[in-house]
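Here is a short briefing for someone meeting this structure for the first time. Take a look at the sequence and the model, then read on.

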Amino acid sequence: MPWVVTRLCRDNVDTACAGECPVDCFYIPNEPGGKYPNQLMISPDECIDCGACEPACPWEAIFQDDSVPAPFQDDIAVNAKCDEDRDAFTNAEEKDNHKPSPEEVAANKKKWGL
Ligand code: SF4
């Protein structure tokens with residue numbers, strides 16, 4: 001059962017999750033904000049359901065596919081695009097990004113209707 005990066009990642013793209021993944025199955029669009037949104041995606045074909053990424057995400061953006069909140073259901077299909085259209089994606093690498101405050105995390109959830 002693959003895990004899913006939801007739109008809580010969008011335009012935040014922390015990448016700490018990618019550093020935890022034992023099978024390197026996080027992807028980023030080659031042209032973020034173009035055909036695909038500026039966010040990380042998990043390959044449903046490659047994810048081994050270990051759960052290691054979820055606690056690493058400071059934006060609390062990662063869910064198991066059967067637990068994705070209702071407002072984010074479309075993100076399941078968005079993540080699958082990195083398998084269906086692989087040439088449009090690059091493997092994501094961990095970078096040293098800004099860590100959000102609890103207030104920023106809460107505001108981001110509210111912005112996306114959670
Ligand atoms: Fe990678 Fe495990 Fe997260 Fe799947 S659940 S994306 S294998 S770290």
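Which residue in E3 does Phe26 stand opposite? Phe26 faces Ile42 in that strand. The model is predicted, so local features need pLDDT of at least 70, side-chain atom pairs count only at pLDDT 80 or more, and totals for chains, interfaces and linings use all residues. Residues are numbered from 1 along each chain as its sequence is written, and side-chain values use heavy atoms, with hydrogens and water left out.

**The sheet**

- Helices (H or I, at least four residues) and strands (E, at least two) are DSSP runs, numbered from the N terminus.
- Three strands form an open sheet in the order E3-E2-E5, with antiparallel pairing.
- Strand E3 (41-42) and strand E5 (89-91) are at the edges, each with a single partner strand, so one side of each has no neighbour in the sheet.
- Two strands pair if DSSP finds at least two bridges between them.
- Strand E2 (residues 26-29) pairs with E3 over two bridges, in the antiparallel sense.
- Tyr27 stands opposite Met41 in E3.
- E2 and E5 also run antiparallel, and three bridges join them.
- Across that pairing, Ile28 stands opposite Thr90 in E5.
- Phe26 and Ile28 point one way from E2, while Tyr27 and Pro29 point the other way.
- All four of these E2 residues are buried (under 20% relative accessible area; exposed is over 50%, partly exposed in between, with a 1.4 Å probe and protein chains only).

- A cavity is a set of points, on a 1 Å grid over the protein atoms alone, where a 1.4 Å probe fits but cannot get out; lining residues have an atom within 4 Å of a point.
- Grid points are joined across faces, edges and corners, and a volume is the space filled by probe spheres set on the points.
- There are two cavities of 30 Å³ or more.
- The largest cavity has a volume of about 90 Å³.
- Its lining has 14 residues, and Cys21, Cys25, Cys47, Cys50 and Cys53 lie nearest its centre.
- By class, this lining has 12 nonpolar, one polar and one charged residues.
- Ala, Val, Leu, Ile, Met, Phe, Trp, Tyr, Cys and Pro count as nonpolar, Asp, Glu, Lys and Arg as charged, and the others, Gly among them, as polar.
- What takes up the space of the largest cavity? The ligand does (a molecule sits in a cavity if more than half of its atoms lie within 2 Å of its grid points).
- Residues around the ligand include Trp3, Cys21, Pro22, Val23, Cys25 and Phe26.
- Ile42, Cys47, Ile48, Cys50, Gly51 and Cys53 are also among the residues around the ligand (a residue is near a molecule if one of its heavy atoms lies within 4 Å of it).
- This shell divides into 11 nonpolar, one polar and no charged residues.
- Val23 lies in the loop between H1 and E2.
- Val23 is partly exposed, at 33% relative accessibility.
- The C-alpha atoms of Val23 and Cys50 are separated by 9.8 Å, with the two residues 27 apart along the chain.

**The second largest cavity**

- The second largest cavity has a volume of about 50 Å³.
- Val5, Cys9, Val13, Asp14, Thr15, Cys17, Leu40, Cys57, Pro58, Trp59 and Ile62 line this cavity.
- These lining residues divide into nine nonpolar, one polar and one charged.
- Ile62 lies in strand E4 (residues 62-64).
- Ile62 is buried, with a relative accessible area of 3%.
- Ile62 and Asp85 are 23 residues apart along the chain, and their C-alpha atoms are separated by 21 Å.

**The loop between E1 and H1**

- Asp11 is in the loop between strand E1 (3-5) and helix H1 (16-20).
- Asp11 has a positive phi of about 65°, although it is not a glycine.
- Is Asp11 buried or exposed? Asp11 is exposed, at 54% relative accessible area.
- Asn12 is also in the loop between E1 and H1.
- Asn12 is partly exposed, with a relative accessible area of 25%.
- The C-alpha atoms of Asn12 and Gly34 are separated by 16 Å, and these residues are 22 apart along the chain.
- Val13 is found in the loop between E1 and H1.
- Val13 has a positive phi of about 50° and is not a glycine.
- Val13 counts as buried, at 15% relative accessibility.

Technical notes. 1 Å grid on protein atoms, 1.4 Å probe; cavity = no way out; pocket = protein on both sides within 12 Å on 5 of 7 lines; lining within 4 Å.
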